[in-house]
Structures are given as C-alpha cells and as structure tokens.
Amino acid sequence: MALMITEECINCDVCEPACPNQAISVGPEYYLIDPNRCTECVGHFNEPQCRLVCPVDCIPKDPAFPETEAELFIKYCQLTEQS
C-alpha cells in the first residue's frame, strides 16, 4: 500500500530526501507522495524512511492504493530495474 501525506504536514522538508524512490515532491500546499513510486521502502529498508523522519506523524497508508508486501517488492524491482 502506498503512503500518503496528510494536511497536517508542516513542510519541514525532511521526508523528500529520505525517500529512496524519489516518490515525494512538493505539492501546492504540502508534500505529496506518488503512489506509483512509493514502495513503503520495501527493497530498500525495513520500514518507511519518511515516517521515521516525519516530526508530526502525518504519513499514513493510503487506502486508495492497497498493495501487499510482495506487490511492493515487484514495484521496487521495476523501479530499480531488477528482476
């Protein structure tokens, strides 16, 4: 399941560089996560790095994009061109 950033985001700029998939970008009001690039750090780390660095805990799972860990790993492989 991809993650999302809620309106509680304070635009502190710590999540964007923490994302190994470049899934986080500046949005019109707060940061956004591209669900096509978010793997919840599966393949890179044991837990989502953006959640670790977020000081306001505004990065929940996005219910609009349910994915299993296996599906997230497949996405990771596609993003990194691994098989």
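Author: In this predicted model, a residue is called buried under 20% relative accessible area, exposed over 50%, and partly exposed in between.

Reader: Is Asp 13 buried, exposed or partly exposed?

Author: Asp 13 belongs to the segment before helix H1 (15–18). Its phi is positive, at about 75°, although Asp 13 is not a glycine. Because its relative accessibility is 44%, Asp 13 counts as partly exposed.

Reader: Is Cys 41 buried or exposed?

Author: Cys 41 sits in the loop between strand E2 (32–33) and H2. Phi is positive here too, near 70°, in a residue other than glycine. The relative accessible area of Cys 41 is 7%, and the limit is 20%, so Cys 41 is buried.

Reader: Which side chain of opposite charge is nearest to Asp 62, and how far away is it?

Author: Asp 62 is located in the loop between helix H2 (49–53) and helix H3 (69–80). Asp 62 is buried yet has no salt bridge, and a salt bridge would require a distance within 4 Å. The nearest side chain of opposite charge is that of Lys 75, at 9.7 Å.

Reader: Which residues are closest to the centre of the largest cavity?

Author: The whole structure holds two cavities of 30 Å³ or more. The largest has a volume of about 80 Å³. Among the 13 residues lining this largest cavity, the closest to its centre are Cys 19, Cys 38, Glu 40, Cys 41 and Cys 50.

Note on methods. Residues numbered from 1 in each chain as written. Heavy atoms only, no water. Helix = DSSP H or I, 4+ residues; strand = E, 2+ residues; numbered from the N terminus. Buried < 20%, exposed > 50% of the residue type's maximum accessible area, 1.4 Å probe, protein only. Lys, Arg positive; Asp, Glu negative; His and termini not counted. 1 Å grid on protein atoms, 1.4 Å probe; cavity = no way out; pocket = protein on both sides within 12 Å on 5 of 7 lines; lining within 4 Å. Points joined across faces, edges and corners; volume = space filled by probe spheres on them.
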